[in-house]
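The sequence and structure come first.

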Amino acid sequence: MQVSIKWLKDYINFTQTPEKLADMLTMAGIPVESIIDPGEGLQKVITGRIEKIVPHENSDHLQICTLNVGMAENLIIVTGAKNVAEGQIVPVAMVGAHLPNGMKISKGKLRGVMSWGMLCSAQELKLDLEMLPEKQKIGIYILPDDTPVGINVKDVLGLNDVVLEFELTANRSDCFSVYGLVREVAALTGNPIKWPLITVQEDDPTAIKDVLSIDIKDADLCQRFSARMFKNVKVGPSPEWMRQRLDGAGIRSINNVVDVTNFVMIELGQPLHAYDYNMVEGHKLTARRAIRGELLHTLDDTTRKAGDNMLVIADEEKAAGLAGIMGGMETEITAGTTDVILEAARFYGPNIRRTARACGLSSEASGRFERGTDIENTTRALDRAAQLLQSMGACTVCKGILDVYPTKKNPVTVNFTVEAINRHLGTNIGKQTMLEILQKLEINAVDREKYITVDVPSWRNDINCMQDISEEIARIYGFDKIDATLPSGTALQGKQSEQQDFVDKIKQIMVSQGLCETVSFSFTHPSVFDKLNMPADHHARQAIPIMNPLTDEYPLVRTCLLSSVMENLTRNFSRKNNDIKIFEIGTVFQPKTLPVTEQPLEKLKIAGAVSGRRDVIGWNQDAEPVDFYDAKGIIEILLDRLSIKHYTVENGEHFAMHPGKTAFFKKGRDTIFIVGELHPSVAAAFDITKPVYIFAADVAALMKYAGRGLKSKTLPKYPAVTRDLSIIVDRDTAAAAVEKTINKAAGQYLSRLDLFDVYEGKQVDKDKKSMTFALIFQANEKTLTDQEVDAGFAEIVTALQKNYNAALRS
């Protein structure tokens, strides 16, 4: 947002220099980014009329110009410009003049003819070339024919003004207008405001309701829609004062109708759009959602396809414009336009922002709608535009205004006490001072003795509570007047939480095993659920949609960490990185209900994958690929170093893992880890053609069983006794169940149990298998006798025979 000092002074007088005013505004929370002086470095350049032009006798490209510059004698200036002609008014740099590019003008001879200055181009005057018509960009800059001679060119071109460029925060939508900035200047300087009196003479006999109708079809995207109509429109140039005001705001003048809409937008903060009435089919405008694939031919001469949630302003046949962003080419105001519809509306800001991003369009109007406009300002803006066009003699105004306003905005009221404000700010500001500050900001405050009631103006969308009022009082009172105080309270030493320390330990263990940690966005796509074979009723499918996703690839918040692991895996495979050992620890988000009504559950998960060679390629290493037991071993080492003992490993089923090649690590009734080979259909869905082994766990479950407060003890002084036990059992007997039985039956002296061989083949029946265990018996207080070991061994054999019909293998 930028505005000229002259424009501000149209409504309020102040004596502060631009630099001082910029400092005051910045300290009050209205930051001025820069101060622009368009005429900086331009001195002794005046207007002159070319009275006579003769060719230079000694040059085929130079001309000798005689100029009237308002002095007793005419000037002779030699120029090589081809676009000059007698009778033109041009900028003349006198001898001793300075130009913005650093050039200093002096007299000199050109091919024997003395030249007393220089004729200036737009570039030499440092004018904004983008704001000029093409014919003015090249050659000498030609001024209007009615320009007086002998006056400073700064006065003619509006270069004697100063422009303030603001870097406003999004919450201060009211300051994206001259009116909003004038209120701030008035509050800071204490000077009165001179608001223009807005009056309209409806001098055309036509009633707008008889020739035009408007409607809102989707009130969630358009809260108010208003329109006026003008007849006998004369499209032409705007007056110089308006062109200069728009130029100071960085807007190029186009014609009087378009310029008025831009002027009112900058002045009041309400964007307007003009339509050629005779090009609107059915003479009806409707604010509605676009139809998917609907084509719009916008003013930038581009045909666009509208999306479902884009809002358009449509006539009875087609979309006539992209609401709040850009109008349509078919209804554009042209030199032949005679009847004009002027529209002012309030659109839903987030939708305008999404549409602007999707279309790659951003404008002064869309920026204001995104931040929120004053819903009560639409008809006032239409009246102001009508007043300006009437004052130019550019139209007649039809009787009445069409205004569709389905749901009136409820006024916002805030109650507060002086004590609460002072307690919040740490100040001792008096009640009267507070009331005066609010009055200066045109915020109506009523003193009710025990408390103060504030009726928040419609243009202040950022004020909703006592804290907002305290901010207004503090910034106008002056932050520099508020004493700096240290916050009170108990200081705590900053340190990591127990969970953070635990996660760091997991990461160290995984990295020590050769795995690489990955970090992913906490977003996903709904197609991943199908790729992972996730059941239709699985809770992880209830993912929270994102209102403004970074890209179309990530419209949901992540509910399953395996989705991120699989995306990283396929990304590596696509880059020919086939030897993968990765893991990730990240948060998943599980909403209680959809749509979300309360904070979702956030759970910390760990997941990973291994694939490719077991070892790094080398002359002394083979190319043996990893298998299920490599992945299982990674988990066993992790659990061992986390001091998680006495767990069981059982067969299990997981939607993303291969049936029969999936293991569940269990502790009691809790599953603490799942590991298995990637399901063939999941691999096919992700275009993976090689074996992949994945694992997943809940960090909270691991933390629950991790060893804490471990104590050391001395090594046993007495020797151990080792016995091997080889049994034949049914093929489907789980090793974990057998181990559990052995531990329970062995008694107090069994210190270690290891399964070191499983055999299925010719030596046993086809529906049987052989399992061989190493049993280590040891006591801390004595040397065990053979009888004591044999007793424990016999109990084990008896239990196995009873539970599994096991037979000792000889």
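The largest nonpolar core of this predicted model has 54 residues, and those with the most contacts inside it are Leu8, Leu164, Phe166 and Phe230. A nonpolar core is a set of buried Ala, Val, Leu, Ile, Met, Phe, Trp, Tyr and Cys residues joined through side-chain atoms within 4.5 Å; buried means under 20% relative accessible area with a 1.4 Å probe, protein chains only. Residues are numbered from 1 along each chain as its sequence is written, and side-chain values use heavy atoms, without hydrogens and water. Because the model is predicted, local features need pLDDT of at least 70 and side-chain atom pairs count only at pLDDT 80 or more, while totals for chains, interfaces and linings use all residues.

- Phe166 touches Met1, Val3, Leu25, Ile30, Pro31, Val32, Glu33 and Leu181, leaving out residues up to four places away in sequence; contact means heavy atoms within 4.5 Å.
- A second, separate core has 37 residues, among them Cys222, Ala306, Ile341 and Cys359.

**Helix pair**
- Helix 8 packs with helix 11 (residues 378-391) at an angle of about 135 degrees, the axes being 10 Å apart; axes are lines fitted to C-alpha atoms over the stretch in contact, and angles run from 0 to 180 degrees between N-to-C directions.
- The two helices, helix 8 and helix 11, are therefore oblique to each other, a class that holds what is left after under 35 degrees (roughly parallel), over 145 (roughly antiparallel) and 65 to 115 (roughly perpendicular).
- On the helix 8 side the contact includes Val260, Phe263 and Val264, and on the helix 11 side it includes Ala381, Ala385 and Leu388.

- Three strands form an open sheet in the order 23-25-24, with antiparallel pairing; two strands pair if DSSP finds at least two bridges between them.
- Strand 23 (412-416) and strand 24 (444-447) are the edge strands, each pairing on one side only.
- Five bridges join strand 23 and strand 25 (residues 452-456) in the antiparallel sense, and Val414 has Val454 of strand 25 as its bridge partner.

**Val156**
- Val156 is part of helix 4 (residues 153-157) and is buried, at a relative accessible area of 13%.
- Beyond four places in sequence, Val156 contacts Thr47, Leu143, Thr147, Ile151, Glu240 and Gln244.
- Leu143 lies 13 residues from Val156 in sequence and 8.5 Å away in space, C-alpha to C-alpha.

Notes
Helices (H or I, at least four residues) and strands (E, at least two) are DSSP runs, numbered from the N terminus. Buried means under 20% relative accessible area, exposed over 50%, partly exposed in between (1.4 Å probe, protein chains only).
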